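Please keep the sequence and the structure in view while reading.

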Amino acid sequence: QVQLVESGGGLVQAGGSLRLSCAGSGFTFTIYTMRWYRQAPGKERELVASIGSFGSDTIYGDSVKGRFTISRDNAKNTVYLQMNSLKLEDTAVYYCNAVKDFGRGVSEYWGQGTQVTVSS
């Protein structure tokens, strides 16, 4: 079955760093666009970063540009999110997402989420 398993979340002080990982299985990881979303309490889920199947095209949310870096290792079926200079407002549950438009329909999978808490 399809699985996206996130890891690397935790508690960090403001200004610190964390690296999230998301390991995919049960689907053809290499052809999917991989994304990180986050959702803070009482807020809408927002796109944090996206990376194309070949890793050459990346997109970042305005609030994380210059601080976060998304990357992928297709040999390991894993996508990463390096988060630097963390701020209190980065506190959220971070979700890994895999999406592929096959033309005849969109295939999409979600991970269970990992909590990131930034403290002052």
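A charge is said to sit over a ring if NZ of Lys or CZ of Arg is within 6 Å of the ring centre and within 35 degrees of the ring normal. Lysine 100 lies over the face of phenylalanine 102 in this way, at 6.0 Å from the ring centre. Arginine 45 has its charged end over the ring of tyrosine 95, 3.9 Å from the centre of that ring.

The model is predicted: local features need pLDDT of at least 70, side-chain atom pairs count only at pLDDT 80 or more, and totals for chains, interfaces and linings use all residues. Residues are numbered from 1 along each chain as its sequence is written, and side-chain values use heavy atoms, with hydrogens and water left out.

Aromatic rings also meet one another. Rings of Phe, Tyr and Trp (its six-membered ring) pair if their centres lie within 6.5 Å; planes under 30 degrees apart count as stacked, over 60 as edge-to-face and the rest as tilted. By this rule there are 6 aromatic pairs. One of them joins phenylalanine 27 to tyrosine 32 in an edge-to-face arrangement, 5.0 Å centre to centre with 75 degrees between the planes. Both phenylalanine 27 and tyrosine 32 are buried, where buried means under 20% relative accessible area, exposed over 50%, and partly exposed in between (1.4 Å probe, protein chains only). The rings of tyrosine 37 and tryptophan 110 have their centres 5.0 Å apart and their planes at 50 degrees, so this pair is tilted. Because tyrosine 37 lies in strand 4 (residues 33–39) and tryptophan 110 in strand 10 (residues 106–110), the pair ties together parts that are 73 residues apart in sequence. Tyrosine 37 counts as buried because its relative accessibility is 15%, whereas tryptophan 110, at 37%, counts as partly exposed. Ring pairs also link Phe27, Phe29, Tyr32, Phe102 and Tyr109 into a cluster.

The strands named here are DSSP runs (E, at least two residues), numbered from the N terminus, and two strands pair if DSSP finds at least two bridges between them. An open sheet is formed by 4 strands in the order 1-3-8-7, with antiparallel pairing. Its edges are strand 1 (3–7) and strand 7 (68–73), each of which pairs on one side only. Strand 1 pairs with strand 3 (residues 18–25) over 5 bridges in the antiparallel sense, and glutamate 6 stands opposite cysteine 22 in strand 3. On the way to strand 8 (residues 78–83), strand 3 is joined by 6 bridges, again antiparallel; here leucine 18 stands opposite methionine 83 in strand 8.

Which residues have the most contacts inside the largest nonpolar core? A nonpolar core is a set of buried Ala, Val, Leu, Ile, Met, Phe, Trp, Tyr and Cys residues joined through side-chain atoms within 4.5 Å. The largest one has 27 residues, and those with the most contacts inside it are Met34, Trp36, Val79, Leu81, Met83 and Tyr94. At least two residues of this core come from each of strand 3, strand 4, strand 5 (46–51), strand 7, strand 8, strand 9 (92–101) and strand 11. Strand 9 gives the most, with 4 residues.

Serine 119 is found in strand 11 (residues 114–119). Serine 119 is partly exposed, with a relative accessible area of 24%.
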